[in-house]
Amino acid sequence: MNAISTSSKAVEVRNVFKNYGEVEALQDLSLDFPRGELTSLLGPSGCGKTTLLKIIAGLLPADSGEVMVNGETVTGPGPDRAFVFQDFALLPWASVIRNVAFGLELRGVGKSEREAIAEKYIADVGLDGFELKFPHQLSGGMRQRVGLARALSVDAQVLLMDEPFSAVDEQTRRKFQEDLLNLVKHENKTFLFVTHSIEEAVYVSDQIALLLPRPSRVSEIIRPSGFRDKGIDSIRRDSEYLDIVDRIWDSLRTYVE
Amino acid sequence: MRNRTLSLKILSSVLIFGAWEVAGRVPVSFAFPTFLESMAALWTLTIEGTIFTAYVETLKPLVVGVMISAFFGIGLGVWIGLSRKFDWFVSPIFIVMQSAPLAALIPLLIMVYGIGLTSKVFVVCIMAMPVIVLNTSGAVRNTSVSIIEMGKSFLGTRREIIMKIIMPSASPIIFVGLRLGISAGFIGAILSELKITPTGVGDIISYSRSIADYPSMYAAIFSIILLAVLFLNILERVEVMIFKGINKGLVSD
């Protein structure tokens, strides 16, 4: 590894501006994402959190400012980032294994090699035995596991997750959140996680960037410290967890119609 | 279930042909033969071989026209669907083509291309192409934004995104366009034989009418409908085989 990629910041956003016509989506936004940690972008709807994520992904150009991933300026999508979509973005005509291997297919990896890799990640996300099923035969939660396996299989250092659990039911969601904590612990990757759920953000994050709208800016960065090592089961009863949830709600309530 | 659809098909055929027979016997018009008379005439045409030599003539402009329409229609449709500028530039031509009164344009075609095969192929294309182009471009344009973004974020090239995401996603609707286009092509082929020069099946129709042999005229009309239905059924089978019913469920519903 070279010096740049061992620096403590995986992603740096510097003075980014983005307008949609007359509407100011992002104004002079700067933010750092520490390596190996999960950072949530939390805020009311319309605060530009998905816009920011898509700019980092290289799917949207910023009007001005700079985004750097591992010290290199982002000009488009790259192999160092993988995206998990809110609506899963699976190919309806392709089996689970082809969907999971699709990222590798687009990178030109040979069929037998990419299917071997895909099979490993299908097993990792708990979809063993579903390789030949089609997306419409799966539940919402299982579809997002396919989306997650696809993002993991390309082995990017940065995972961009756009409200990945918002389209699945509450119970599946809780299971996903627990699995995500394990993933952050065991995979040496940086996670950028967009959510509108305060509890979810506090539960899974090492760092929470609170965005406020019109125009979007980072109003606060919160780093929960006390409860992360106490074990998954006691997080929701921890007093620091509850305090942070309350504090965030106090900041956000005036922005919710 | 399969038996039920089969018996429904037989029942509806019996009802329609029965109504035809009754209407012919009433008779609705002097020029309207019964179903059985028409079938007898069809039998005679088949035995004599007239119908086969006629179809060799009729199928020429039909096959050539449909193949040109499918090839260029899908190609243009994909291009229109991908490019806003090209859409703005080309789409109106096909919208006008689709709604233009074709019979009124035929004299113009004859003036430019004569009375040969070229004019007939043109008529088939004018009938078949617009619906193929418009269906294809609509299907391409309506590809889900999120799977295209997915392709981009996983580093798909423009070509890969078109071939591996947009085309498979659009293909069911493209097939619908092809089916509609081919049935319009059948109409075009017969129309060209009635309006340009009487050859093939069009010749049987106009000749039988001129000598008041109405059963033969209706036999010829019946045979072309039969052929079109058979062909469209085969195409539907092919379609089902290709897609194996997997496109029935949308992923994000």
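**Rings, sheet and a buried serine**

Mentor: Start with B:F17, which counts as partly exposed because its relative accessibility is 27%. The cut-offs: buried is under 20% relative accessible area, exposed is over 50%, and partly exposed is in between (1.4 Å probe, protein chains only). Bear in mind that this is a predicted model: local features need pLDDT of at least 70, side-chain atom pairs count only at pLDDT 80 or more, and totals for chains, interfaces and linings use all residues. Residues are numbered from 1 along each chain as its sequence is written, chains are lettered from A and ligands numbered from 1 in the order in which they are written, and side-chain values use heavy atoms, with hydrogens and water left out.

Trainee: And B:W20, buried or exposed?

Mentor: B:W20 is buried, at a relative accessible area of 14%. Both B:F17 and B:W20 lie in helix α1 (residues 2-25) of chain B, three residues apart, about one turn of the helix. Helices (H or I, at least four residues) and strands (E, at least two) are DSSP runs, numbered from the N terminus.

Trainee: Which rings cluster with B:F17 and B:W20?

Mentor: Ring pairs tie them to B:F32, B:F35, B:Y218 and B:F222. Rings of Phe, Tyr and Trp (its six-membered ring) pair if their centres lie within 6.5 Å; planes under 30 degrees apart are stacked, over 60 edge-to-face, the rest tilted.

Trainee: Over to chain A. What's the strand order in the open sheet?

Mentor: Six strands, β6-β7-β8-β3-β9-β10 of chain A, with mixed pairing. Two strands pair if DSSP finds at least two bridges between them. The edges are β6 (81-84) and β10 (217-222) of chain A, each pairing on one side only.

Trainee: How many bridges join β6(A) to β7(A)?

Mentor: Four, and the two strands run parallel. A:F83 stands opposite A:L160 in β7(A).

Trainee: Now A:S40. Where is it?

Mentor: A:S40 is in strand β3 (residues 38-42) of chain A. A:S40 counts as buried because its relative accessible area is 0%.

Trainee: What joins the side chains of A:S40 and A:S205?

Mentor: A polar contact of 2.4 Å. That term means a pair of N or O atoms within 3.5 Å; within protein, one must be able to donate a hydrogen and the other to accept it, and residues adjacent in sequence count only if both atoms are side-chain atoms.
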